[in-house]
Amino acid sequence: MQGVKQKALELLTGGKADRVLGWRRGETFYDPTPGVFASAEEVERDFVFDAFCGANLSKYLIALDRAEGVTAVFLKPCDSYSLVQLIKEHRIHREKVYIVGVACEGMCGYDALMKAGIEGVLSFEEEGDALKVHTLYGDTVIARKDALLSKCEHCKSKRIVTYDELLGEQGDEVADSGRFDEVARLEKMTPEDRFAFWQNELSRCIRCNACRNVCPACSCEKCVFDNPDSGIRNKAAADSFEENMFHIIRAFHVASRCTDCGECTRVCPQRIPLHLLNRKFIKDINELYGEYQAGADFDTRPALLNFQTGDCEPSIVHVRGGERA
Amino acid sequence: MSVKTDWKPTIVAFCCNWCSYAGADLSGTNRLQYPANVKIIRIPCSCRLNPMFVLRAFQRGADGVILCGCHPGDCHYTTGNYYARRRMTLLFSMLDYLGIERDRTRVEWVSAAEGAKFAATMNEFVATVTALGENRRLEDLRCKA
């Protein structure tokens, strides 16, 4: 989408924003990185917006909120949920950001290209609904829907919750995204199989903390895991308990605030499906305390910061769930 | 899982200061018996129970963790146990999702007048956990003697 770069230039030169938060050219074509641009020259040189700009920019606004002036930011629909959640938590002032909503048809990832057997990729071009990929072994074409990031496969919404201006069309929530199908499949397994599944996934964790660092909800000034007395070491886990502990607590800390943007899974170098933990909490909250989507509006209370006198008892977990371990 | 006949589970009971701790005290003064392997940890309110405490208890060798607090509506701080209720529901559900035996965790509301209920709950919970055997899925071998 060429209009995005144009818009970035326009905002900077027109004086509407003091800086622009966007995507900077990465080392390779498939990893554009979040970047702050203060001048038109920088934008001309480094700004990109293409099918691989999956990164969610909301979190970086927390730091920029302390800078003087207004930051302009480009937000895809799911990123706008994260921003609204952060505004709700008083981490970002709405008046300090100028939001340009960007319509999104799903972003692409390198993993999907590899899965499709495309190797030695040098560069790519966008051609309508397809990507034309130049590789060492010649050109090949892949449909955009086959090259999606895992987080985009079950898109929950194409609605941009809040914006100052819009590039492209405003969309709607996706009613049948099927994003809980995988969670439901796991719930139906026997506890033994579930335990084996999660041991297999979580034991790959190298505790690089990428999931924590990229997560918009994980934005505490001081993190519980940086405390040497937290019960887990800060380097690679020495015991399977540490992985369990780290991932349960991390998922719990963002429970009812997680907007399901899927960044944790996108950045995991070990390909752990971390979003399945967050989605389990979202699914439980939806089922037990009523439908709730974090970041969908400015005034509802998150489920864990709220209660009803008639809430179900914790024993419901013992009663409702299938087979016993 | 084979269970040694002389093996006794370690149970950690988090009790709220205002109701359940007094309830435990009452069961003691009434000379009601409950197993000695229940270790009570007093917390100011059931809401004080950080989910991390539960995991930490399992790490340090607990085989079962139970939270006791005031009945919903009777919280000394008015609403603490309502929040605790939601948190524990989600935490237990998550542990179950990860394949950890859900019968190792429980929440029970025990008032200061319910000494008998406290003893009965503990007897029942210890029996359940004894039947499950040792906690193997959420243990930290470095913390085992």
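Close-up 1. T78(B) belongs to the loop that joins strand 3 (64-69) to helix 3 of chain B. Helices (H or I, at least four residues) and strands (E, at least two) are DSSP runs, numbered from the N terminus. Although T78(B) is not a glycine, its phi is positive, about 75 degrees. Most residues other than glycine have a negative phi.

Residues are numbered from 1 along each chain as its sequence is written, and chains are lettered from A and ligands numbered from 1 in the order in which they are written. Because the model is predicted, local features need pLDDT of at least 70 and side-chain atom pairs count only at pLDDT 80 or more, whereas totals for chains, interfaces and linings use all residues.

**Close-up 2. Helix 3 (residues 80-97) of chain B.** Of its 18 residues, 16 are buried, so helix 3 of chain B is largely enclosed by the rest of the structure. The end C-alpha atoms of this helix are 26 Å apart, in agreement with the 26 Å that its 18 residues should span at 1.5 Å a residue. The expected span is 1.5 Å times one less than the number of residues. Just after the helix, G99(B) has a positive phi of about 85 degrees.

**Close-up 3. Helix 10 of chain A against helix 2 (residues 51-59) of chain B.** The two helices pack at an angle of about 170 degrees, and their axes are 10 Å apart. Axes are lines fitted to C-alpha atoms, for helices over the stretch in contact, and angles run from 0 to 180 degrees between N-to-C directions. Helix 10 of chain A and helix 2 of chain B are therefore roughly antiparallel (an angle over 145 degrees). From helix 10 of chain A, F241(A), M245(A), I248(A), I249(A) and F252(A) meet P51(B), M52(B), L55(B) and Q59(B) of helix 2 of chain B. The residues of this contact comprise eight nonpolar, one polar and no charged. Ala, Val, Leu, Ile, Met, Phe, Trp, Tyr, Cys and Pro count as nonpolar, Asp, Glu, Lys and Arg as charged, and the others, Gly among them, as polar.

**Close-up 4. The side of chain A that touches chain B.** In all, 36 residues of chain A are in contact (C-beta atoms, placed from the backbone, within 7 Å) with 34 residues of chain B. Helix 10 of chain A gives the largest share of this side of chain A, seven residues. The side of chain A that touches chain B consists of 22 nonpolar, five polar and nine charged residues.

**Close-up 5. Domain 1 and domain 3 of chain A.** Domain 1 covers 1-107 + 156-177 and domain 3 covers 181-325, with bounds from an automatic or database domain assignment. Their C-alpha centres lie 27 Å apart. Contacts link 16 residues of domain 1 of chain A to 13 residues of domain 3 of chain A. On the domain 1 side, helix 4 (residues 77-88) of chain A contributes the largest share, eight residues.

**Close-up 6. N209(A) in a loop of chain A.** N209(A) is placed between helix 8 and helix 9 (210-214) of chain A. This residue, other than glycine, has a positive phi near 70 degrees. N209(A) is partly exposed, with 15 other C-beta atoms within 10 Å.

Note on methods: Two residues are in contact if their C-beta atoms, placed from the backbone, lie within 7 Å. Angles under 35 degrees count as roughly parallel, over 145 as roughly antiparallel, 65 to 115 as roughly perpendicular and the rest as oblique. A residue is buried if 20 or more other C-beta atoms lie within 10 Å of its own, exposed if 12 or fewer, and partly exposed in between; C-beta atoms are placed from the backbone.
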